[in-house]
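Please keep the sequence and the coordinates in view while reading.

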Amino acid sequence: MRHQGTVKGVESADVIVIGGGVIGLAIARSLALRGIKRIVLIERATLGAEASHAAAGMLAPQAEADGVDAFFELACASRDLYPAFADELREETGTDIELERTGTLYLAFTKKDEEEIEHRYNWQQRAGLFVERLSVDEARRLEPCISEEVRGALRFPLDVQVENRRLVAALSISVEQHGVRLLTETHVKSIIIEGGSIEGVETSRGTVHAPVVVVATGAWTSLLASSGNASLPVHVEPVRGQMLCFETKSRLMRHVIYSPRGYIVPRLDGRLLAGSTTEHVGFHKCVTGAGIHEITAHALEIAPAVSSLPLVDSWAGLRPCTEDEWPVIGACAETRGLFYATGHYRNGILLAPLTGELVAEQITTGRPAPLANVFSPERFQCVGVN
Ligand SMILES: Cc1cc2nc3c(=O)[nH]c(=O)nc-3n(C[C@H](O)[C@H](O)[C@H](O)COP(=O)(O)OP(=O)(O)OC[C@H]3O[C@@H](n4cnc5c(N)ncnc54)[C@H](O)[C@@H]3O)c2cc1C
């Protein structure tokens, strides 16, 4: 393949991270903290402007889980890193990522919902997890705004939330302070692989050479072609999620509140985020009338008072979803130097600190951490292209 000239001032690197969402940023930071010197992060547009900007910021592995599996363990382990992660980012950057620890309520409105929360309560109790079953009166004492129709509730004190846009901002400052070279508005067109090894990447501004490339391109991962113009072996599909933002003068609620159909996330500044949709519509990132209708209906089911709040903003984002809906984290065995960190679907904010650590550990030690084994790209028969 004919390569373009090199990118002015950045001809080579020790590690290239493609994608400047929370996942790419967290990996770049973890690598820098482990002493890797020449890290280049390449972002097509601006840092954190895609799914990482659109998210609700819930760190809630327990609220939605139906049992203990490797994903649940990964998610809880990442959630447990957040207090220290938030403190470190505040110290490094002066930015408070607003880790809000009031907890999460999960409400039941129908008989089926009641069965669902009963099941969730029982298995989590048996597993020794921190979960509280609340009567309707107890739930209403905690959150007086909830609907009269509530039939039962669980509270997950450890499932918390973070302001994901502040997280992106803090990570961006942090990586820059740690010397990571940021190439924004630079599109990676292909990954250069020769003789089964990574050689670098071809970008819209020229070639950057490196022995290690981390693919953290979220929903766009399957669009990234190798130098042979073949698709990369990991398939990631965009799944659209729409969000609405209401404004409150005084705080309507303090917990993140879920039902089986939707959720409301109260931000410290008075905004109430309501979500979301799950739509397989390709890369069409827009808010639709049907989306607004669906999300509003689910928010009103939780808290009827939302009906009188001004709707001040709305947006959509593309969640990166793999075939088995689990993230892909780790090295591609067939191509030396190629690593994946993608497919974080509904939980990329939650999983960012641990993903950063796992990828950085494998790159610097040459061995995957035991926790990462099941998430390896090998489960999709990762075949290198050369
Ligand atoms: C509505 C909604 C609500 C959500 N709520 C939550 C939540 O409450 N909690 C939670 O944990 N998660 C949530 N998520 C999921 C979370 O947002 C994602 O899992 C996470 O942001 C994925 O991060 P990422 O860095 O992989 O992807 P992104 O943030 O999408 O970043 C990928 C980046 O790669 C860049 N890129 C792509 N291709 C190229 C290329 N060829 N060259 C250069 N750059 C490229 C893109 O421009 C983009 O900036 C939500 C998502 C949505 C849409």
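Helices (H or I, at least four residues) and strands (E, at least two) are DSSP runs, numbered from the N terminus. With that numbering, Glu185 falls in the loop between β8 (181–183) and β9 (188–194). The model is predicted, and the points below are grouped by topic.

**Ligand surroundings**

- The shell around the ligand is made up of 39 residues, and the closest are Glu43, Ser52, Tyr345, Arg346 and Leu350.
- Sorted by class, this shell holds 19 nonpolar, 15 polar and 5 charged residues.
- At least two shell residues come from each of α1 (22–33), α2 (51–54), β14 (236–247), β18 (311–322) and α9 (348–365).
- The ligand lies between domain 1 (1–100 + 158–235 + 323–386) and domain 2 (104–157 + 237–322), because both domains give residues to the shell around it.

- Ser52 places a polar side-chain atom 2.5 Å from an oxygen atom of the ligand.
- Met58 takes part through its backbone, where a polar atom is 2.8 Å from an oxygen atom of the ligand.
- Tyr345 likewise has a polar backbone atom at 2.8 Å from an oxygen atom of the ligand.
- On its own the ligand has 1,000 Å² of accessible area, of which the protein covers 98%.

- Tyr345, which is among the closest residues to the ligand, is found in the loop between β20 and α9, and its phi is positive, about 45°, although the residue is not a glycine.
- Tyr345 has a relative accessible area of 11%, and because buried means under 20%, Tyr345 counts as buried.
- Glu185, in the loop between β8 and β9, also has a positive phi, about 50°, without being a glycine.
- The relative accessibility of Glu185 is 53%, and since exposed means over 50%, Glu185 counts as exposed.

**A cis peptide bond**

- The peptide bond that joins Gly275 and Ser276 is cis, with omega at about -15°.
- Ser276 itself belongs to the loop between β17 (271–275) and α8 (289–302).

**Hairpins**

- Strands β10 (residues 197–203) and β11 (residues 206–209) run antiparallel and are joined by 4 bridges, with a hairpin of 2 residues connecting β10 to β11.
- Within this pair, Glu202 stands opposite Thr207 in β11.
- Strands β19 (residues 328–331) and β20 (residues 338–342) are antiparallel and are also joined by 4 bridges, and Val328 stands opposite Thr342 in β20.
- The hairpin formed by β19 and β20 has 6 residues between the strands, and Gly337 in the turn has a positive phi of about 90°.

**Glu91 in helix α4**

- Glu91 is part of helix α4 (residues 70–93), and with a relative accessibility of 71% the residue counts as exposed.
- Although Glu91 and Ser174 are 83 residues apart along the chain, their C-alpha atoms are separated by 9.8 Å.

Technical notes. Residues numbered from 1 in each chain as written. Predicted model: local features only at pLDDT ≥ 70, side-chain atom pairs only at ≥ 80, totals over all residues. Heavy atoms only, no water. Pairing = 2+ DSSP bridges. Buried < 20%, exposed > 50% of the residue type's maximum accessible area, 1.4 Å probe, protein only. Near = heavy atom within 4 Å. Polar contact = N/O pair within 3.5 Å; in protein donor to acceptor, adjacent residues only side chain to side chain. Areas by Shrake-Rupley, 256 points an atom, 1.4 Å probe, with all protein chains shown as cover. Nonpolar A, V, L, I, M, F, W, Y, C, P; charged D, E, K, R; others polar. Domains from an automatic or database assignment.
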